[in-house]
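User: Could you walk me through this one with me? I'd like to talk about charged pairs and then the ligand.

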Amino acid sequence: MSTVVLLAGSPSQRSRSTTLLQRAGALLAGHGARTQAFSLADFPSDDLLHARWDSPAIRRFIDALAAADGLIVATPVYKAAYSGALKAVLDLLPERALEQKAALALATGGSPGHLLAVDYALQPVLSALKARHIVGGVYATDRDFTLQEDGSYQVGEDIDARLHHAVGRLIAHLPNPGSVELHPEALSRQVAAARISI
Ligand SMILES: Cc1cc2nc3c(=O)[nH]c(=O)nc-3n(C[C@H](O)[C@H](O)[C@H](O)COP(=O)(O)O)c2cc1C
């Protein structure tokens, strides 16, 4: 069975980008993939601030990643880039942490103006970590989310449809799709739509 690690890069407890990530995780699970979720809360801030390469929390994350077939990262746009705390985590990964893995980036921002932040800021980092495939990401703005009575966010239909496609593309590029289900026609569409293949 394929495993995909989910990494939430927002420091906010009630987070739109994490909502996207959770939705992507649910879609993956619906396709038969296993997911393992991490958030910034899993990493002691002191370890991140002092770049402790031997941090047990970072070690756990590295091990999970090493055993996984793919990674989905979600981040808010902060100052036209991704969150600094997410960078602090990614900085502690080994150089080839994403070798042979497929990766997908999800981002939310206050306005559409920073739509390309994922492309010019986060995707180069995923490339530097030697991701084998980086599939086209999903960007949503705050207006795409509705706050529910229970305090959670609901994502609009348009973004949900884009998440479906992005998750399909990711599945098509998992090195070891195993029992993950994807119809052959959908698979070839997703392969054709992938943005970067190394
Ligand atoms: C410190 C900070 C910086 C931000 N910078 C930007 C920005 O440069 N561009 C933008 O579109 N939104 C910016 N925003 C808005 C957030 O990206 C947006 O609200 C996002 O959906 C928050 O995601 P989250 O709920 O997952 O934390 C910023 C928000 C904060 C708190």
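Analyst: Starting with Arg23, this residue counts as partly exposed, at 29% relative accessibility, and please keep in mind throughout that the model is a predicted one.

User: OK, and which residue forms a salt bridge with Arg23?

Analyst: The partner is Asp160, and the closest N and O atoms of the two residues are 2.6 Å apart.

User: Is Asp160 buried or exposed?

Analyst: Asp160 is buried, because its relative accessible area is 17% and the cut-off for buried is under 20%.

User: How many salt bridges turn up in the whole structure?

Analyst: A search of the whole structure gives eight. Among them is one within helix H6, where Asp158 and Arg162 sit four residues apart, about one turn of the helix, and where their side chains meet at 3.2 Å, N to O. Asp158 is partly exposed at 48% relative accessibility, and Arg162 is also partly exposed, at 33%.

User: What about Arg96 and Glu99?

Analyst: Their side chains meet in a salt bridge as well, with 2.9 Å from N to O. Arg96 is partly exposed with a relative accessible area of 45%, while Glu99 counts as partly exposed at 33%.

User: Which residues are linked in a network of salt bridges?

Analyst: That network is made up of Asp46, Asp47 and Arg52.

User: Switching to the ligand, how many residues surround it, and which are the closest?

Analyst: The ligand is surrounded by 17 residues, of which the closest are Ser10, Ser15, Ser17, Val77 and Asp142. By type, the shell divides into five nonpolar, nine polar and three charged residues.

User: Which polar side-chain atoms come up to the ligand's oxygen or nitrogen atoms?

Analyst: For Ser15, an N or O atom of the side chain is 2.6 Å from an oxygen atom of the ligand, and for Ser12 a polar side-chain atom lies 3.5 Å from a ligand oxygen atom. His114 has a polar side-chain atom 2.7 Å from a nitrogen atom of the ligand.

User: And how much of the ligand does the protein cover?

Analyst: On its own the ligand has 650 Å² of accessible area, and the protein covers 74% of that. The elements that give two or more residues to the shell are helix H1 (16-30), strand S3 (70-78) and strand S5 (102-109), and the largest share, three residues, comes from S3.

How values were computed
Residues numbered from 1 in each chain as written. Predicted model: local features only at pLDDT ≥ 70, side-chain atom pairs only at ≥ 80, totals over all residues. Heavy atoms only, no water. Near = heavy atom within 4 Å. Polar contact = N/O pair within 3.5 Å; in protein donor to acceptor, adjacent residues only side chain to side chain. Areas by Shrake-Rupley, 256 points an atom, 1.4 Å probe, with all protein chains shown as cover. Nonpolar A, V, L, I, M, F, W, Y, C, P; charged D, E, K, R; others polar. Salt bridge = Lys/Arg side-chain N within 4 Å of Asp/Glu carboxyl O. Buried < 20%, exposed > 50% of the residue type's maximum accessible area, 1.4 Å probe, protein only.
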